[in-house]
Amino acid sequence: MRDRAMRSYLRLTGVIFAIVTLGHALRLAFHWHVILAGWTVPMWLSWVAIVLAGSLSLWAFSLASRVRR
């Protein structure tokens, strides 16, 4: 049961990070502007977020596949 819960957690984590990656990719594709508390978030920050969130997503899926069945 413990391995099954860990695998589910890792898959959910991978999906969440994949959604974040997709959101940043869409922001770049459609040139959406984001303003947080009066600060305009630069577009280059989405490139960084794509690399980080995409890496975390792939890592989570990789770990999920290694958990015993």
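Trp 32 sits in the loop that joins α1 (2-30) to β1 (35-36), where helices (H or I, at least four residues) and strands (E, at least two) are DSSP runs numbered from the N terminus. The model is a predicted one, in which local features need pLDDT of at least 70 and side-chain atom pairs count only at pLDDT 80 or more, while totals for chains, interfaces and linings use all residues. Residues are numbered from 1 along each chain as its sequence is written, and side-chain values use heavy atoms, with hydrogens and water left out.

With a relative accessible area of 44%, Trp 32 is partly exposed; on this scale buried means under 20%, exposed over 50%, and partly exposed in between (1.4 Å probe, protein chains only). Phe 30 counts as exposed, at 52% relative accessibility. The ring centres of Phe 30 and Trp 32 are 5.5 Å apart and the planes lie at 20 degrees, so the pair is stacked. For such pairs, rings of Phe, Tyr and Trp (its six-membered ring) must have centres within 6.5 Å; planes under 30 degrees apart count as stacked, over 60 as edge-to-face, and the rest as tilted.

Next come the helices themselves. The 29 residues of α1 should span 42 Å at 1.5 Å a residue, and the end C-alpha atoms of α1 are 42 Å apart, which agrees. The expected span is 1.5 Å times one less than the number of residues in the helix. For α2, 23 residues should span 33 Å, and the 34 Å between its end C-alpha atoms agrees with this.

The buried residues of α1 are Arg 7, Leu 10, Thr 13, Gly 14, Thr 21, Arg 27 and Leu 28, and they pack against α2 (44-66). Thr 21, with a relative accessible area of 18%, is a handy example of a buried residue. Leaving aside residues up to four places away in sequence, Thr 21 touches Ile 50, Ala 53 and Gly 54, contact being heavy atoms within 4.5 Å. The buried set of α2 comprises Ser 46, Ala 49, Ile 50, Ala 53, Gly 54, Ser 57, Ala 60 and Ala 64, and their cover includes α1. Leu 56, also in helix α2, is partly exposed at 33% relative accessibility. Leu 56 and Leu 36 are 20 residues apart in sequence and 24 Å apart in space, C-alpha to C-alpha.

Just after α1, His 31 takes a positive phi of about 55 degrees; His 31 lies in the loop between α1 and β1 and is exposed, at 55% relative accessibility. Ala 37 likewise has a positive phi, about 50 degrees, although it is not a glycine. Ala 37 belongs to the loop between β1 and β2 (39-40) and counts as exposed at 90% relative accessibility.
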